[in-house]
Amino acid sequence: MTSTTIRSVSQESRIFEPPEEFRAAAHLSSFDEYTRIYEESITDPEGFWMARALEELVWAKPPTRAIEWEPPHAKFFADGELNVSVNCLDRHLEAGKGSKTAIVFEGEPGDIRKITYQELADEVNRAANLLKRLGAKKGDRVGIYMGMVPEAAIAMLACARLGLIHTVIFGGFAVESIRDRLNDASARFVFTQDGLHRRGKAVPLKAQVDKALEQVASVEKVIVFKRTGQEVDWVDGRDLDWAEAMTGESTDCAPEIVDAEHPLFILYTSGTTGKPKGVLHTTGGYLLSVKLSARYVFDLKDDDLYWCTADIGWVTGHSYVVYGMFANAATVMMYEGAPNHPNEARFWEIIERHRVTIFYTAPTAIRAFIRWGDQHPKAHDLSSLRLLGSVGEPINPEAWVWYYETIGNGRCPIVDTWWQTETGSIMLSPIPGATPVKPGACSHPFFGVVPKIVNESGEEVPDGTGGLLVIEKPWPSMLRTLWGDDQRFRETYFDIFPGKYFTGDGARRDEDGFYWVMGRIDDVLNISGHRLGTAEIESCLVGHPYVAEAAAVGRPDELKGQSLVAFITLKEGLEAGAEVAAKLADHVSQEIGRFACPEEIRFAHALPKTRSGKIVRRLLTKLAAGEELGGDMSTLEDPSVLDELKKKGY
Ligand code: WT7
């Protein structure tokens, strides 16, 4: 932990009541009702979760107990048995919802597909049968490196049907990141596609997988969905064409019934050290949390068309595009491409064309919409919208008010949802028909969530004071461990404040009981809503043959929230300059992905260090932001480097 005191900066006093029309029809329509259920959930969690589990989920063998908690390990519904895909598909077919649309897909080129629950179930079963034929066994790991196409969701659900553990790798990740994740998970199978459409180009995906697999021994088969038709290399015996391979498969596939604590997926996320963490989520508790939160936070109704713009490669895509939504038999909008292709009105066009009712996006996107201009949303009929959501980073009150007025036309509540890859489901959020909201605040805890704001000694701080956000009690969708590294799981999340889950975020609870999350307090950045560890970027940079030493820090960025600035010392005899900077930026793009690319690279013959050799990151952060350094520099080994590092880089 690097921070000492946390200032709370967001001061916004306006309160927005749920619009009357919304409240009248909402699942939860008063704050008292929310409070009553919340109190029940935390005073009798065992009873609360048992009842919900039996009500909400279809069990092959119902559980007889809800919670086992031996910090840091939690189990939920441990003696229950079920299957996630049965809960997301079969039960809806049995309830007569087979002809209900599950997915409305719009490709970037403009192609539209509607997939019913019956069709989705058929495709999932085909894919599961194919995996079975290829020899997949319960517990095997499957990599999914795809874009936003229905087949990505089909691949995930097919894994769930057989008790296979998927690890979805965001399509923006580059070769080394794919390689490391597949290796860490020892994946036997990979789903990918030839390429995806992005900003009018066909972005290759299979070619990246091909390169990654040169250094992955565990993968036996690669199933390739042909999306763009672009040319791809083919490894006979290893690669299978999705369409060809599925044709012979039956649309019936018996689900593999698994224990509630059987792993559902691994999702890698950045931490404070170089190696990404394989966050492990399991079956019953996860499914219950995402199902309940999806219904109450998004006030989901049978006729909603819900659109979350997050990619399936992030946890938001897992929980609130796939599992939480299909568990509720929701209709989900899925869009393949960029928000500004062919122009900046694309999202508003989609909302108008399909009559989207719920729209969930990230503050970084909202800031881009603002910059692109009001003329784009104004030119479209957004009257189908009834609820807006935000996730990924704190939303600044200006962006909140713009979203509320320009997109929601003052009629739609906004749910600012705080959660993490590790929490699996939404932890802090307004309930849209019940909670009066303050722009910029994530409001109140969801059922069963017990947040606390503490100081560095773990003592609770008074309301209105900034501190560290911890969660006191286990909740059903909490991560169970880090794949292959239980020690790191313990150290990262539970050793800092024994027995409590440490989020890594700074936050404050105001006098009215609203939670305000201020962002990461560790060396993890939030760039366009993507979590990136500075250590990961640094270890990538020093992996380049030119680089002797590297430090990466964040600086405030109007659009992205934060952007990345790298400070570099080159190896002897190399000349700093634009050309080298471009090579290093390229290297990061190649290894991690373009979204991790430093915005600026500065060079110096050394980095500012203490006499004991520790890089003084505090100074670098100030330098990056262009702030005055001030203070005492006498502890520095070589204060002269600061002048070099003050100069603007490349
Ligand atoms: C980190 C988690 C959860 C899905 C997307 C990101 C930040 C997330 C909010 C919010 C303020 C937020 C936190 C958190 N964050 N939502 N509504 N207000 N900050 O998942 O990549 O695991 O990142 O995103 O810093 O710790 P993730």
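Visitor: In which hand does helix 5 pass helix 6?
Guide: A crossing is left-handed if the near helix is turned anticlockwise from the far one by less than a right angle, and right-handed if clockwise. Helix 5 passes helix 6 in a right-handed crossing. The contact (heavy atoms within 4.5 Å) includes L120, V124 and L131 of helix 5 and I154, L157 and L162 of helix 6. By class, the contact of helix 5 with helix 6 has nine nonpolar, one polar and three charged residues.
Guide: A word on the source. This is a predicted model, where local features need pLDDT of at least 70, side-chain atom pairs count only at pLDDT 80 or more, and totals for chains, interfaces and linings use all residues. Residues are numbered from 1 along each chain as its sequence is written, and side-chain values use heavy atoms, with hydrogens and water left out.

Visitor: At roughly what angle do helix 13 and helix 15 cross?
Guide: Helix 13 (residues 363-372) and helix 15 (residues 397-407) have axes that come within 10 Å and cross at roughly 70°. Helix 13 passes helix 15 in a left-handed crossing. I366, R367, F369 and I370 of helix 13 meet A399, W402 and Y403 of helix 15.

Visitor: How many residues surround the ligand?
Guide: A residue counts if one of its heavy atoms lies within 4 Å. Here 18 residues surround the ligand, and D416, T417, T421, D505 and R531 are the closest. A polar side-chain atom of R531 is 2.8 Å from a ligand oxygen atom. A backbone N or O atom of G392 lies 3.0 Å from a ligand nitrogen atom.

How values were computed
Helices (H or I, at least four residues) and strands (E, at least two) are DSSP runs, numbered from the N terminus. Ala, Val, Leu, Ile, Met, Phe, Trp, Tyr, Cys and Pro count as nonpolar, Asp, Glu, Lys and Arg as charged, and the others, Gly among them, as polar. A polar contact is a pair of N or O atoms within 3.5 Å; within protein, one must be able to donate a hydrogen and the other to accept it, and residues adjacent in sequence count only if both atoms are side-chain atoms. Axes are lines fitted to C-alpha atoms, for helices over the stretch in contact, and angles run from 0 to 180 degrees between N-to-C directions.
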